[in-house]
Amino acid sequence: MKQLYDKAIYDFSTPIKSYWEEVSHFDQGRFPKLLGDHSCDVCVIGGGFTGISTAYHIAKKYGGDVRLLEAGHFGFASSGRNAGFCCLPATKLSINQLIKKFGMDETKKFFASQIEGVDLLASLIADNNIECEKIGTGNLDVAHHPSSSEELKEWGNDLQKHFGINTKWIPKEEFDEIGHQSTEQFGAVFTEAGFAMNPMAFLNGFANATVDAGAQLHSHSRVKKWERNGKHKLITEEGSLTCDKVVVATNGYTDESLHPSFANRMVPVLSNIIVTREMSEDEFKMQNYKTLNPICNSREILYYYRRMPSNRMLFGTRGDTFGDEKSALKMRGIMTNQFRGVFPNWNDIDIEYYWRGTVVMNRDLVPAFGNLENDKSVFFSYGYHANGNNTTVYCGKKLAEMIYESNSGETNISKVYQGLSPKIPFGFLRLWYLRIYLWYSNFTDKSKKEI
């Protein structure tokens, strides 16, 4: 497997020591390893939200013959280890950049799809009675510095003006009372879209609902070889699948050696999370922390955090570009200091969990969705720019529609998503590009006048 990071990041045999892994009690018994030679109409590679959503909608809506191959246990990769934010948008382009590149109609269509993804995720939870600690009534973007306030206000106003998404600007003094107090809080935009959840618990329920719908899901069945001789043949350690169509839904854990079309097109970025011990109400009052909505702040290398139903605090950021155990220990220490810098009254709150996983950035800073021009039977969706929980389930549903409803190989999805992301020049330098970006962004954040 072609790897950017240390081999520890790709150890599919070992569950990470996340809070989600410990509390979710995920029974893997319905997802046997692929043994022997089999066939199906559609094979999905990757058992995260994109892959499971594709298989779920193929089986439930179309009664299709679909199987899914996951390299590790279900929940190994980013879908089972992210912060559980359901938010928008899945791009690093600004609204003005999107409008300039794709036009107003396609940008409106893109934001409508993001809201559709939020609603779809909520309906999947409700329709399948999935217990996943769903909480919150929207998302908050907090200005970490006074100079960021006007930009956030404009963001909120544009969401409402152009796309009809309800937003509200909350001044610092008001947010001190209803949200939280911190050293990096100078007002916030509330967006009435989204919520938070336990992503591993959702994945558990979603995977089981997919099996109930008629799909066959296989854990510990990493594809090691991909042959094409009329049909596709995907070969695993102890079996093989022959199929008419393949969906690549592996995102940050894509094995670029399997198919040349996906090489050097994405930059997996390690995102890191810490979770505190359980806290008392008196301890939350020390920072007047009240909101249960998930929060991102306005740093370029953002901090994201939330109060969990278990009365713990979750706090995350980017930073590690190596993936080995030494860098993990260093990153945990850095993040502990960052957390305590933002919430200084919690200096004595112990950190009990640390883990990391990948988000994917594309060169054009938008998701990639569709099928290959030179092989219309190969479908893909990847690159959600850290806002994937709602985008993945939406894209999986659209892939199912594309496979079963479209004779032209197209589907009704915004042009913002369509097509492979452009190749990255000198792809072997991707980590160095990322390190330069992180260094520059951290410098920009720190160069702002201290308050």
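I began with strand β16 (residues 351-362): 11 of its 12 residues are buried, so the strand is largely enclosed by the rest of the structure. Buried means under 20% relative accessible area, with a 1.4 Å probe and protein chains only. Strands are DSSP runs (E, at least two residues) and helices likewise (H or I, at least four), numbered from the N terminus.

I noted the source. The model is predicted, so local features need pLDDT of at least 70 and side-chain atom pairs pLDDT 80 or more, while totals for chains, interfaces and linings use all residues. Residues are numbered from 1 along each chain, and side-chain values use heavy atoms, without hydrogens and water.

Next I looked up the pairing of β16. Strand β12 (residues 266-276) pairs with β16 in the antiparallel sense over 11 bridges; pairing takes at least two DSSP bridges. Thr 276 stands opposite Ile 351 in β16.

I then turned to two helices. Helix α4 (residues 95-102) packs on helix α5 (residues 104-127) at about 125°, with the axes 7 Å apart. In contact (heavy atoms within 4.5 Å) are Ile 95, Leu 98, Ile 99 and Phe 102 of α4 with Met 104, Glu 106, Thr 107, Phe 110 and Phe 111 of α5.

Last, I checked for disulfides, meaning cysteine sulfur pairs within 2.5 Å, and the count is zero. For Cys 132 the nearest cysteine sulfur, that of Cys 86, is 10 Å away. Cys 132 counts as buried at 2% relative accessibility. For Cys 296 the nearest is that of Cys 87, 5.3 Å away. Cys 296 is also buried, at 16%.

Notes: Axes fitted to C-alpha atoms, helices over the stretch in contact; angles between N-to-C directions. Buried < 20%, exposed > 50% of the residue type's maximum accessible area, 1.4 Å probe, protein only.
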